[in-house]
Amino acid sequence: MKLSALKVGVDVPWVTSWTGEPVLGVRPCPSVNGALAIVQADNAGHGKPLYSQNHAVRQRLTVRNMLCPMCGRPTTPEDRYTQVAHPFAAGALRAAGRGGALPADIEDDRILIDAGAIAPLHKDCSSRSLRYCPHLKADPHIDVRPFPRSWVVLPLTVRAEAPPQLFLAKAEPRREVPVIGFLQLCGLTDARDPSWRERDQPAG
């Protein structure tokens with residue numbers, strides 16, 4: 001597929017999928033320590049950018065390695081900003097059925113910053129993306145703030161169909177297995193909300 005004149009990490013976010021990067025299926029992936037995950041071809045810059053679709057592997061790498069999703073370079077604690085800060089109590093996440101992977105020692109009233117599947121950006125990269133991206137300009141929920149210095153990563157799983165295993169001592173039928181699609185990022189703050197049960201819980 002033809003190489004685009006658009007530059008990855010400048011004109012198009014590093015994390016964005018391209019039409020030249022088909023999904024390859026499910027396999028063990030180093031981005032999640034060898035767990036089963038959705039994988040894609042790595043061919044950024046070829047074809048056309050799919051601005052509304054993150055590349056599955058690059059998304060996981062941005063969260064795992066704290067890489068800026070715009071430029072693809074590492075962020076530092078002093079230059080790490082989220083554009084989608086959604087504060088809520090850990091208990092609200094658990095109550096919504098999305099907190100199964102939260103460490104047990106995180107108290108229910110501890111305030112988390114839910115960044116969803118979007119890793120923090122450099123401040124300059126955040127400003128540039130907000131200036132030029134029409135989707136971000138139109139989003140009323142943009143909330144730029146420094147990202148906390150500690151965080152937890154939660155796997156977002158989907159169910160994939162595993163083929164039947166016919167040549168085992170005991171044949172196994174076709175079945176569904178959970179696989180990792182993206183990684184969700186939650187920053188840990190020192191703030192508390194003792195009345196979190198009375199507030200709205202995050203959407204499930």
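Which residues are exposed on the other side of α3? In this predicted model, local features require pLDDT of at least 70 and side-chain atom pairs count only at pLDDT 80 or more, whereas totals for chains, interfaces and linings use all residues. Residues are numbered from 1 along each chain as its sequence is written, and side-chain values use heavy atoms, with hydrogens and water left out.

Helix α3 spans residues 123–132, and its buried residues are Cys125, Ser126 and Ser129. These residues lie on the same side of α3 because they cover an arc of only 100 degrees around the axis, the arc being that of the directions from the helix axis to the C-beta atoms. Asp124 and Tyr132 are exposed on the other side of α3. Buried denotes under 20% relative accessible area, exposed over 50%, and partly exposed in between (1.4 Å probe, protein chains only). Helices (H or I, at least four residues) and strands (E, at least two) are DSSP runs, numbered from the N terminus. The buried residues of α3 pack against α4 (134–137), with contact defined as heavy atoms within 4.5 Å.

Glu21 is located in the loop between β1 (16–18) and β2 (23–29) and is buried, at 3% relative accessibility. Residues touched by Glu21, not counting those up to four places away in sequence, include Gln40, Asp42, His55 and Arg58. The side chains of Glu21 and Arg58 are joined by a polar contact of 2.7 Å (a pair of N or O atoms within 3.5 Å; within protein, one must be able to donate a hydrogen and the other to accept it, and residues adjacent in sequence count only if both atoms are side-chain atoms).
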